[in-house]
Amino acid sequence: MGCNPRYEILFEPVRIGPVTAPNRFYQTPHATGMGHLKPQSSAALRSVKAEGGWGVVSTEYCSIHPSSDDSPFGFLSLWDEDDIRDLAHTADAIHAHGSLAAVELWHGGAHANNRLTREPMIAPSAQPPKFVQPGGARAMDRQDIREFRRWQREAAIRAKQAGFDIVYCYAGHDYLPFQFLSGRTNRRTDEYGGSLENRARLLREMIEDTKDTVGATCAVAVRLAVDELHGPFGITSQGEGREIIEMLAELPDLWDVNVAGALGNDSKSSRFSLEGYQEEHVAFVKTVTTKPVVSVGRFTSPDTMVGQIRRGIQDFIGAARPSIADPFLPKKILEGREDEIRECIGCNICRSANNEAVPLRCTQNPTIGEEWRRGWHPERLARKGSEARVLVVGGGPAGLECAKTLGQRGYGVLLAEAGNVLGGRVSREATLPGLGAWARVRDHRLHMLGKHDTVEIYRSSRLGAEDVLSLGVDHVVLATGSTWRRDGVGSSVEVPAEIAGCPSILTPDDIFAGAAVAGPVLVYDDEHYFMGGALAEKFRLAGHDVAIATPLPVVSSWTQMTDEQFFVQKRLMDSGVDVLLSRSLLSASEGVAEFACAYTGRITRRDFGTLVLVTGRLAEQALFDELSMAIESARGGGLRSITRIGDCLAPSSIADAVHSGHKFARQLDLPAEAAVPLRERPFLPSGDRSWNAVRHVVDPVARSAKSVP
Ligand code: ADP
Ligand code: SF4
């Protein structure tokens, strides 16, 4: 099947200064959590994006100098020859598929914590650091500015040597050039401060410098946050954001525009934004420049993409998350397989990887980050290794992914689900306010399962051990999920609360099963991801008086990792939910809950009509225990393996459940070695900074004269 003619416009080439993108699919810079420490993983990940049809594939933030160091997070660097060598792998891997390679040259200024290099932070004006830590950034003097310009030029030259086609001047996300632009952070009184023209001077010089050094062969892109969403005190798209673009309109070869301030504004989760949510801020850009424009907005629908081009909002379809969820999104559209797109659900688990300084992971795409380490390709699977038949018990995200992937490999699969609805927790959680897009985890897998007649699905089929054994399959995979705890034990409080015998205590399972709720509702959250906050919001929307209590000092604490915490707490407070912080549940009886202050132990009480415990989950492993006993008593027949996957092995995120199901299916009948992921190891540097050279430089003065960065 070929491309739908309606979508052909997406595959037109677009000129960007001296280079030409083969189509309009532009993978904008996004973090991978890999950075300079994992060059092979990075190259393999970007290579798969290019193979999947992204006409431009960009790196993540790439530091231009040791004074911009984001350790322990995964950033790239172009400080020296070794960095050029490592990044050349990425550029080559992208070129191998005919795409353009872009590099996000980055200086964080007061946003770089410099924990590795211990260089003092720099900023336009002296200011406290962006990451809360002692100290602050010093104000750059004129010599510092000259040096900064030199670093950008030298990094651009290295980028060109590494083979990149597009070199960024990066004035987004509150980084150094943006700190110069914004009157909030630029308090200078010299020619780099004061008027907007002065504040934009550094960005203008950066663009000119970069063009002078590499512009003959490389395109120079500017990423600008046209609105920092700080209201009238910052850059706004109606005000200075627009003026900056007007001022510099024709200078760069491409404008990459977004909203910023915090990263959470730019990569807003689906709980707090819709597809195309940046349009209102960036739509003006094409009216003030003739240069190509790209922006983002979690685009997954080809019709929306075509609308962006036809309505003149942008020339490319910029994407980070949709390209993570489905690196082959462009190819699927090109080949008329848009129904097979694994649509991003906007959960921001990908953001959590960078925030936790580990390689990228994704709820929808279990192969992301595993391209090099495990050799997983998002679209290619080994054919089945035997005629074995597999029973998958449980149709949640783990079971669905496992059955789908086994089916794709050609195995005969039976999938049995106790309920009459497939999707497990996803089908329930997608009913919570703002989480509707999460149902895509189920829908994509069900759709793909429909394409494999080797998979038989049985709904309303709760299996016991004897049922399982009677089926005579070779392998049994248990994906029976988990249930919410009822004892009050959570991540901060290990001792069960005194709640036995108290009526009107419910768990999320009861709520999803339709239990009646009487107000006032008290949600106790010692789990700290989305569930507690989302339930509180749901009860409030239903008109109840609602309080949420948690032992931690903020609500839904782990959503800091998905860049959502601010928005969660704001929404709860705005909607009138009473937020009770730093309180550990001690007991509950007769409509009164007793809490101890997490710091002082001081006791407080709160009345409730219904208390909802969101504390932790227990694996649903009764079937596993029964089967294990049957096998021990030699009733297992020809059963070759029983494997638990997903939450029934260890309750975790949906992303982990999908990964777990995929892992089993991917590795069945493969040699055991295939299951062991590779680890990247640091290489010794080359040239005069090799270990031998360093070891023999015993004179500290001589050594520092070598200016090892
Ligand atoms: P995961 O996230 O690991 O996929 P879920 O809790 O979402 O876990 O899904 C588990 C699914 O397994 C649920 O839909 C549940 O109804 C089903 N299930 C649990 N026990 C059985 C059983 N004995 N037979 C069939 N299905 C079961
Ligand atoms: Fe989209 Fe979630 Fe995957 Fe990120 S983790 S790309 S938000 S589906």
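Domain 1 and domain 3 bury about 730 Å² between them, with carbon and sulfur atoms giving 54% of that area. Buried area here is the accessible area (1.4 Å probe) that two parts lose on being put together, summed over both. This is a predicted model, in which local features need pLDDT of at least 70, side-chain atom pairs count only at pLDDT 80 or more, and totals for chains, interfaces and linings use all residues. Residues are numbered from 1 along each chain as its sequence is written, and side-chain values use heavy atoms, with hydrogens and water left out.

**Domain 1 against domain 3**
- Domain 1 spans 5-344 and domain 3 spans 484-617; the bounds come from an automatic or database domain assignment.
- Their centres, taken over C-alpha atoms, are 40 Å apart.
- Eight residues of domain 1 and nine of domain 3 make the contact (heavy atoms within 4.5 Å).
- On the domain 1 side, Gly-264, Arg-271 and Phe-272 lose the most area, together 75% of what that side buries.
- Arg-271 and Glu-537 form a salt bridge at 3.7 Å, N to O (a side-chain nitrogen of Lys or Arg within 4 Å of a carboxyl oxygen of Asp or Glu).
- The count between these two domains is one salt bridge.

**Ligand 1**
- Ligand 1 is surrounded by 23 residues (a heavy atom within 4 Å).
- Among the closest are Ala-398, Glu-417 and Asp-647.
- An N or O atom in the Glu-417 side chain lies 2.6 Å from a ligand 1 oxygen.
- A backbone N or O atom of Ala-398 is 2.8 Å from an oxygen of ligand 1.
- A polar backbone atom of Asp-647 is 2.8 Å from an oxygen of ligand 1.

Conventions:
Chains are lettered from A and ligands numbered from 1 in the order in which they are written. A polar contact is a pair of N or O atoms within 3.5 Å; within protein, one must be able to donate a hydrogen and the other to accept it, and residues adjacent in sequence count only if both atoms are side-chain atoms.
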